[in-house]
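Biologist: Before we start, please show me the sequence and the model. I will then ask what stands behind each term you use.

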Amino acid sequence: MRIWVLAAAVWAALAGGAYAQQQQPQQQPVDPFGGRFGVMEIVQPPTEAAQQFQLMASALANLEPQRRRRQDVYILSMALWGDPVFSREASQAEAILREHFNAEGRSIILAASGPGPRTYPAATPNNIAAAIGHLGSVIDPNEDLVVVFLTTHGAPDGTAAIREHNRMFGGLRPEHLASMLGQAGIRNRVVIVSSCFSGAFIPHLANDNTIVMTAAQHDRSSFGCQPENEWTYFGDALFNTSLRNGESLIEGFDSAKVLIERWERERGMSPPSNPQRSVGRIAEGMVRSAERRRR
């Protein structure tokens, strides 16, 4: 009984923080994992579990190998919450990033699912770790670039919430992602986070080899995450507008920030989300090199 009481408390706290676009920040949840990356999860039926295993195995097996003496770009796009807006954003962002960086055959999508058949492997901690670990084993860490995009609700401490239709719930903290990328040897990377309070990812990831872009500063909500939407404001501005129209990633972020500020002002969203970026010198050179080759 005690574990179910704890589970209910964690669920309620994460859900409260995650909808911070409409509410005041909630009290922080009790952490049953002692700071480690994990979720509360109800086991899937055997047939569904077997299908999930096959989906993940195929996603990893289908990655094209790294090409020697040539920079390759790999993409991991993740929807961590089961509302349709996030899976739509993750899948469309992956398609735009794949074209933008000429990364055909070098991308993985993970997504929390709603009711109905699954299209992508689940965004569970084990699958996230496996995807990052496999990317680390495939790339040349000196010459390749990895782009990580995640979209979900966010809690006031910066945690990216994980939830799947009353089956799974937990959170990915900025330090969890930084640790996994480091353990996998993924040095040269772009990390893009679309969630409330996502500016909290910057201090944990920023360095010369990393570009970090977030939908909001560390103490602000972001907007547009209603389940019926095609995109969040951040995803719409950065991917669907800037990159789709041919802008480079860094300048496209700056254009997207101006557009988001206008949308929020026109629609009375306050305080403004104030998207953030940190651009490492080495990562910037690698991104610009990849964009030049595509052109």
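Biologist: What makes strand 2 and strand 3 a pair, and how many bridges join them?

Modeller: Strand 2 (residues 73–79) and strand 3 run parallel and are joined by 5 bridges. Two strands pair if DSSP finds at least two bridges between them, and with 5 bridges strands 2 and 3 therefore qualify. Leu-76 stands opposite Ile-108 of strand 3. This is a predicted model, in which local features need pLDDT of at least 70 and side-chain atom pairs count only at pLDDT 80 or more, while totals for chains, interfaces and linings use all residues. Residues are numbered from 1 along each chain as its sequence is written, and side-chain values use heavy atoms, with hydrogens and water left out.

Biologist: Which elements does the protein chain have, and what is called a helix or a strand?

Modeller: The chain has 9 helices and 9 strands. Helices (H or I, at least four residues) and strands (E, at least two) are DSSP runs, numbered from the N terminus.

Biologist: In what order do the 6 strands of the open sheet lie, and which are the edge strands?

Modeller: The order is 3-2-4-7-8-9, with mixed pairing. Strand 3 (107–111) and strand 9 (276–279) are the edge strands, since each pairs on one side only. On average, neighbouring strands of this sheet are turned by 10° against each other, direction ignored; axes are lines fitted to C-alpha atoms, for helices over the stretch in contact, and angles run from 0 to 180 degrees between N-to-C directions.

Biologist: Which strands pair with strand 4 in the parallel sense?

Modeller: Strand 2 does, over 7 bridges, and Met-78 stands opposite Leu-150 of strand 4. Strand 7 does too, over 6 bridges, with Val-191 in strand 7 as the bridge partner of Val-148.

Biologist: What makes helix 7 largely enclosed, and which elements do its buried residues pack against?

Modeller: Helix 7 (residues 233–243) has 8 of its 11 residues buried, so it is largely enclosed by the rest of the structure. Among them are Tyr-233, Phe-234 and Phe-239. The buried residues pack against helix 3 (84–100), strand 4, strand 7, strand 8 and helix 8 (249–266). Contact here means heavy atoms within 4.5 Å.

Biologist: Which strands does helix 5 lie across?

Modeller: Helix 5 (residues 174–183) lies across strand 4 (145–151) and strand 7 (189–194), at about 155° to strand 7.

Biologist: How do you know that Ser-273 is buried, and what does its side chain contact?

Modeller: Ser-273 is in the loop between helix 8 and strand 9. Its relative accessibility is 1%, so Ser-273 counts as buried. A polar contact of 2.6 Å joins the side chains of Ser-273 and Glu-264. The term requires a pair of N or O atoms within 3.5 Å; within protein, one must be able to donate a hydrogen and the other to accept it, and residues adjacent in sequence count only if both atoms are side-chain atoms. Not counting residues up to four places away in sequence, Ser-273 touches residues including Ala-215, Arg-220, Phe-223 and Ile-260.

Terms used: Buried < 20%, exposed > 50% of the residue type's maximum accessible area, 1.4 Å probe, protein only.
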